[in-house]
Amino acid sequence: MSGFASLRLTLSAAILGALLYSPLAAAQSAAAPAQSVVTLGPSGLPLPRFVSLKSGRVNSRVGPGANYSVDWMYMKAGLPMEIIQEFDTWRRVRDADGSEGWINQSLLSGRRTAIVAPWQRGKGAQINLLNSPDKDARVVAMVEPGVMGTIKSCDGQWCEMTFDGHTGWLAQSIVWGAYPGERVKD
């Protein structure tokens with residue numbers, strides 16, 4: 001590279017750096033209200049987002065298409081999945097255990113379900129399902145980690161859920177199927 005081209009690149013970088021990191025730019029960005037950035041997928045829906053399986057037998061593939069091999073088969077309708085990517089009619093999903101694969105959108109539902117504290121499975125813990133969104137509320141039932149239920153609503157801190165006919169409240173932080181601070185209305 002010639003000395004002139006090198007000097008031009010150096011000056012361009014210095015000017016760009018001065019513009020990006022000027023005290024005025026810093027003051028403007030500090031004054032701007034904090035907004036959460038929502039990424040929309042090709043479908044126009046947010047990514048990531050939670051959904052559930054429509055069918056009791058769903059193939060998860062290694063790629064976005066029926067020609068890709070099946071990596072995993074899910075055998076539980078209603079199982080919550082997190083959509084992390086979209087391609088045509090295929091959705092890349094992640095399950096509560098962290099496994100990822102591609103599922104056709106026709107096999108996914110917008111119905112919200114969640115799994116209670118899957119990270120606590122097998123540790124002998126019991127979680128109280130409460131009759132109101134208050135840590136001191138009366139216990140309606142006890143649920144084990146890893147149990148799946150249907151979300152009725154979440155207010156950002158608490159989720160009202162139904163498990164085999166028992167409805168109650170759980171702290172939103174212990175459910176896999178709703179993001180922290182997310183509001184859900186059935």
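Visitor: Before we start, what kind of model is it?
Guide: This is a predicted model, where local features need pLDDT of at least 70, side-chain atom pairs count only at pLDDT 80 or more, and totals for chains, interfaces and linings use all residues. Residues are numbered from 1 along each chain as its sequence is written, and side-chain values use heavy atoms, with hydrogens and water left out.

Visitor: OK, how many helices and strands are there in the protein?
Guide: The protein has 2 helices and 17 strands. Both are DSSP runs numbered from the N terminus: helices are H or I with at least four residues, strands are E with at least two.

Visitor: And what share of the residues is buried?
Guide: Of the 186 residues, 34% are buried. Buried means under 20% relative accessible area, exposed means over 50%, and partly exposed is in between (1.4 Å probe, protein chains only).

Visitor: Let's zoom in. Which way do strand 7 and strand 8 run?
Guide: Strand 7 (residues 90–94) and strand 8 run antiparallel, joined by 5 bridges; strands pair if DSSP finds at least two bridges between them. The two form a hairpin with 5 residues between them, and Gly98 in the turn has a positive phi of about 95 degrees. Across the pairing, Arg91 stands opposite Ile103 in strand 8.

Visitor: How many residues of strand 8 are buried?
Guide: In strand 8 (residues 100–104), 4 of the 5 residues are buried.

Visitor: Switching topic: how many salt bridges does the count come to?
Guide: The count comes to 8 salt bridges, each a side-chain nitrogen of Lys or Arg within 4 Å of a carboxyl oxygen of Asp or Glu.

Visitor: Which residue does Arg94 meet in a salt bridge?
Guide: Arg94 meets Glu82, at 2.9 Å from N to O. That pair links distant parts of the chain, with Arg94 in strand 7 and Glu82 in strand 6 (residues 80–87), 12 residues apart. There's also a network of salt bridges linking Glu82, Arg92, Arg94 and Glu100.

Visitor: Why do you call Glu82 buried?
Guide: Because its relative accessibility is 8%. Arg94, at 27%, counts as partly exposed.

Visitor: What about Arg112, which residue does it form a salt bridge with?
Guide: Arg112 pairs with Glu182, and the closest N and O atoms are 3.0 Å apart. Arg112 sits in the loop between strand 9 (108–109) and strand 10 (113–116), and Glu182 in the loop between strand 16 and strand 17 (183–185), so the pair ties together parts that are 70 residues apart in sequence. Arg112 counts as buried, at 15% relative accessibility.

Visitor: Now the cysteines. Which ones form a disulfide?
Guide: Cys154 and Cys159 do, with their sulfur atoms 2.0 Å apart; the cut-off is a pair of cysteine sulfur atoms within 2.5 Å. A search of the whole structure finds 1 disulfide. The link of Cys154 and Cys159 is right-handed, with 105 degrees about the S-S bond.

Visitor: Are those two buried or exposed?
Guide: Cys154 is buried at 4% relative accessible area, and Cys159 is buried at 0%.

Visitor: Last one: where is Gln172 found?
Guide: Gln172 is in the loop between strand 15 (166–171) and strand 16 (175–176). With a relative accessible area of 2%, Gln172 is buried. Not counting residues up to four places away in sequence, Gln172 touches residues including Cys154, Cys159 and Glu182, where contact means heavy atoms within 4.5 Å.
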